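Here are my notes on the structure, as numbered points. Please read them with the model open.

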Amino acid sequence: MLSLVFILLSLAWVTRITTNAQVAARNGNLVDSIYTSINEDIERLRKAAVVYACASFDASTGDCLAYSTASAIDASSSFYISCTGNSVAQKMLADQASTFATPTTLVWAPDAPAGVAIPSSIRAITITRTISQDTDKSRIFVSYATAAPSPLNITVTTIIVPQAQAWCPGPK
């Protein structure tokens, strides 16, 4: 009788450990999926910051062939005014408002093996992106956060500096 109780307790313990491991693996995959969506969005924004003020593109590759460096030294251009005002990031946000729209809800798809239903609490997770600027308007702060009633609390912040900031003339 004692051995039967011991076996039943052992089975309950093994079942609990197995269930906990499955939940941890699912949550790990969920977190990976969310971070992948965030990283893809960050890369899209960084690419936009790198090619900002590109004068001409290669149609086949989408690469920038020539940058608008001339407008950085033309005192009458709005780009030059942004440079001297150290507000290139602010100008980029205005010029590319659709790319840098905020707040934005990221579209992400939770991964699940075929035939496995995704719980509604996971399907309901939203990732919100907000964009702000530092006080001198030269850098962009991008923040991502999961919103309630998410079972996970994820917050990521990154800084993006437009490459065009480097073209600005230095102090005279």
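1. Patches, as used here, are made of residues with over 30% relative accessible area and no salt bridge; like charges are joined within 9 Å, and nonpolar side chains (Val, Leu, Ile, Met, Phe, Trp, Tyr) within 5 Å. A salt bridge is a side-chain nitrogen of Lys or Arg within 4 Å of a carboxyl oxygen of Asp or Glu. Accessible areas come from the Shrake-Rupley method with a 1.4 Å probe, and for residues only the protein chains shown count as cover.

2. This is a predicted model, in which local features need pLDDT of at least 70 and side-chain atom pairs count only at pLDDT 80 or more, while totals for chains, interfaces and linings use all residues. Residues are numbered from 1 along each chain as its sequence is written, and side-chain values use heavy atoms, with hydrogens and water left out.

3. Met1, Leu4, Phe6, Ile7, Leu8 and Leu11 make a nonpolar surface patch of about 710 Å². Of these, leucine 11 lies in helix α1.

4. The protein chain has five helices and six strands (DSSP runs: H or I of at least four residues, E of at least two, numbered from the N terminus). Their order along the sequence is α-β-β-α-α-α-β-α-β-β-β.

5. Beyond its neighbours within four places in sequence, isoleucine 38 is in contact (heavy atoms within 4.5 Å) with Leu106, Ile127, Tyr144, Ile154 and Val156.
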